[in-house]
Amino acid sequence: MASPDIAEMLEKSKELDRLRKEQEEVLLEINKMHKKLQNTPEAVEKPGDNSLSKLKMLYTQAKELSESEMSISSQLLGQLDAMIPAGGAGQQRRRIGNEQKKKRMKGDPDIPRLSPSMRNQQEFFASLKGEQVAARVAQEDGEKDEWVIVKVTHYDKESKEFEVLDEEPGDDEEGGGQRKYKLPWSHIIPFPKMSDLATAPEFPPGKQVLAVYPGTTALYKATVVQARKRKSDDYTLEFDDDEEDGSLPQRMVPCNQVVALPDGHRQ
């Protein structure tokens, strides 16, 4: 019977296999979309076409799957380091590394194919120029995350940074004028497009989200009270720390101003 550590490693290995299969499926869909855009590039200019939004969702899914694979692989390496005796660690690690390399060469053709997707992701980031997005503008060592609506003015593919403009800084900002920032892609969240709400993510009641507070250009953590209404495309939300007379008022927010709550959000 396998020890608890070995059994846990086997479960994580199964999870890796599942993630890689999902990556293959996503990459196949990405390749299909690429062919479609290459054959009919004018299609994206037609009203109602959602090709770019679908491609964006596929890129996002590929990125999340890759990050999950890296996380589980790191956990497995940590467990192996803890289990390998110090005396024979060097030789055993070399064998494990070689075996993993062989497995990747034989069974994981999706790994090298991720690089074209990353290049396309760079192109998508560049396409956000002129768009309004949600941006985290607080410093890394700040106690709270500050998210606001900004306009993308440029994307630098070399530094992988966005240049953005806060067109309506708050009254407490020094100078009161527009502010410019340089931010990494991890500090940027594109909004769903009003012209393509069919592909906008759906948030069920009870789900925590990041949303634009009505009448402002700031985003705060909120909880979905009522799912998106198809007629108005609005969510009913309760914002954290928005208490009035001992209760949280329910506020209507357009679905194109509601995005997924980032991991580790601080408010």
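A: Rings of Phe, Tyr and Trp, the last represented by its six-membered ring, pair if their centres lie within 6.5 Å; planes under 30 degrees apart count as stacked, over 60 as edge-to-face and the rest as tilted. By this rule the count in this predicted model comes to 8 aromatic pairs. One of them joins Tyr155 and Phe162: the ring centres are 4.6 Å apart and the planes meet at 50°, so the pair is tilted. Buried means under 20% relative accessible area. Tyr155 has 6% relative accessibility and so counts as buried. Phe162, with a relative accessible area of 0%, is buried as well.

A second pair, Tyr213 with Phe239, is edge-to-face, with 5.0 Å from centre to centre and 65° between the planes. This pair links distant parts of the chain, its residues being 26 apart. Tyr213 sits in the loop between strand E6 (208–212) and strand E7 (218–226), whereas Phe239 belongs to strand E8 (residues 234–239). Tyr213 and Phe239 are both buried.

Leaving aside residues up to four places away in sequence, Thr236 touches Thr223, Val224, Val225, Gln226, Gln250, Arg251 and Met252.

As for the setting of these pairs, the chain has 4 helices and 10 strands. Along the sequence the order is α-α-α-α-β-β-β-β-β-β-β-β-β-β. Of the 267 residues of the chain, 37% count as buried. Among contacts in the chain with a separation of 6 or more, 53% come from residues 24 or more positions apart. The accessible surface of the chain is about 16800 Å², and 50% of that belongs to carbon and sulfur atoms.

An unreviewed UniProt entry lists residues 6–40 as "coiled-coil region". In the model, residues 6–40 are 97% helix and 0% strand, with the end C-alpha atoms 51 Å apart.

Key: Residues are numbered from 1 along each chain as its sequence is written. This is a predicted model: local features need pLDDT of at least 70, side-chain atom pairs count only at pLDDT 80 or more; totals for chains, interfaces and linings use all residues. Side-chain values use heavy atoms; hydrogens and water are left out. UniProt positions are given in the numbering used here, feature names are shortened, and annotations may be inferred rather than shown by experiment. Helices (H or I, at least four residues) and strands (E, at least two) are DSSP runs, numbered from the N terminus. Buried means under 20% relative accessible area, exposed over 50%, partly exposed in between (1.4 Å probe, protein chains only). Contact means heavy atoms within 4.5 Å. Accessible areas come from the Shrake-Rupley method with a 1.4 Å probe; for residues, only the protein chains shown count as cover.
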